[in-house]
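Please open the structure in a viewer and keep the selection tool at hand.

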Amino acid sequence: MQTIDKINNYWIHQFEMPLIISGPCSAETQEQVLETATRLSKASIQIFRAGIWKPRTKPGNFEGIGEIGLKWLQKVKEETGLKVATEIANATHVKYAIEYNIDILWIGARSTVNPFTIQEIAESLKNTDKIILIKNPIHPDFDLWIGAIERLITQGIKNIGVIHRGFSTYKTDKYRNLPNWKVALDFIKRYPNIPILFDPSHICGQRKGLSKIAQQALYCEYNGLMVETHCRPDEAWSDANQQITPEKLLETLKSIEVINKNARQKLDVLLLQIYDLNHNLLYLLSEIFKLSNIIGKLKKNCHLPMVQHNLWKQMIDELKPYVKKLYFSEDFSEILFQYIYKEFVNIQNRAIE
Ligand code: PEP
Ligand code: MN
């Protein structure tokens, strides 16, 4: 049985990086689904998304087209070759999604928040090979997110990824859901094998700022993006404000690629300089320790006291005004000299043995 620490990420390797999942918030009509998918297939999109059952904040809004939308997704697969994804929120959704051979299923933020719902979904998916993506819960509860993954793993589900779609806040202006860079970075650090995607659409809630934040996410080593697109965004039946056209998405991806390439080149040059400086630093440290070896031998031959801490301290004190002019803190220099002194004494001790 897999555990969360030993989870594999084989599924992501069948896709090009960054993995882009895109499509409308909701499937509305067959024509809207097919037109959006056809236009997306000309961009470098690999997975088409569309919500079939929509968790809406208030009743009376469009709550999803239901089962018929799954037939449209099948048509998308046949006509464009794209893989398809939809949201599932209970065992009945899972049953239909499997029946219609939907490739990727995602669990929305409002479901991740509820362990009963996750347990029901996990049991109905038992041992599936489908790719299951888990959005973060609506509030920043890391353990609840991890708990959802563990519930799926316990049911023998292997192909798992997560999506950061931001966290709810009372007051919204710039963002509809606040991104938390720390949580996501912690995730990457703790579970480097679990692919993590970024959903700039539900974070921004509007078109403004979407490209910029998507770019930042790719800098932070996200494996890809889930972006809402619609053939006529202003007419969308849900989340109209945040959807963009497939062409706008392509433009955004191209600009990210160019900016990333330029930034990466600059970074490479800077890292090369740091490599050279580190090389010099090692040489200088080695020169210091070569002298401490000579000092050790001298002290031994001339019967001088081995440890002369005061002389060392006097030297460091004399260097202090100089440290003030340098590019690092006095605290750092203090710690650095403590380490050097420790090795300085070790080498002297070895010299007299
Ligand atoms: C969606 O992806 O359309 C959706 C409802 O997202 P979330 O669960 O992030 O609100
Ligand atoms: Mn949406």
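**The manganese site**

Along the chain, the donors of the manganese ion (ligand 2) are spaced as C-x176-H-x25-E-x10-D. This is a predicted model. Select the ion together with its protein donors: Cys 25 through SG, His 202 through NE2, Glu 228 through OE and Asp 239 through OD, at 2.1 to 2.4 Å from the ion. Next, colour Cys 25 and Asp 239, a pair that links distant parts of the chain, 214 residues apart. Cys 25 sits in the loop between β1 (19-23) and α1 (30-41), whereas Asp 239 is in the loop between β10 (224-228) and α10 (246-302). Is Cys 25 buried or exposed? Cys 25 is buried, because its relative accessible area of 2% falls under the 20% limit.

**The largest pocket**

Now select Met 17, Pro 18, Leu 218, Asn 223 and Asn 260, which lie nearest the centre of the largest pocket among its 26 lining residues. The volume of this pocket is about 620 Å³. Highlight α10 as well: its eight residues are the largest share of the lining. By class, the lining comprises 14 nonpolar, six polar and six charged residues.

**The second largest pocket**

Move on to Ile 288, Leu 319, Leu 336, Phe 337 and Ile 340, which lie nearest the centre of the second largest pocket, lined by 16 residues. The elements giving two or more residues to this lining are α10, α11 (309-324) and α12 (330-352). Of these, α11 provides the largest share, six residues. The pocket holds about 450 Å³ of space. Its lining has 15 nonpolar residues, one polar residue and no charged residues.

Definitions and conventions. Residues are numbered from 1 along each chain as its sequence is written. Chains are lettered from A and ligands numbered from 1 in the order in which they are written. This is a predicted model: local features need pLDDT of at least 70, side-chain atom pairs count only at pLDDT 80 or more; totals for chains, interfaces and linings use all residues. Side-chain values use heavy atoms; hydrogens and water are left out. Donors are N, O and S atoms within 2.8 Å of the metal (3.2 Å for Na, K and Ca); water is not among the atoms, so sites may look incomplete. Helices (H or I, at least four residues) and strands (E, at least two) are DSSP runs, numbered from the N terminus. Buried means under 20% relative accessible area, exposed over 50%, partly exposed in between (1.4 Å probe, protein chains only). On a 1 Å grid over the protein atoms alone, a cavity is a set of points where a 1.4 Å probe fits but cannot get out, and a pocket is an open set with protein on both sides within 12 Å along at least five of seven lines; lining residues have an atom within 4 Å of a point. Grid points are joined across faces, edges and corners, and a volume is the space filled by probe spheres set on the points. Ala, Val, Leu, Ile, Met, Phe, Trp, Tyr, Cys and Pro count as nonpolar, Asp, Glu, Lys and Arg as charged, and the others, Gly among them, as polar.
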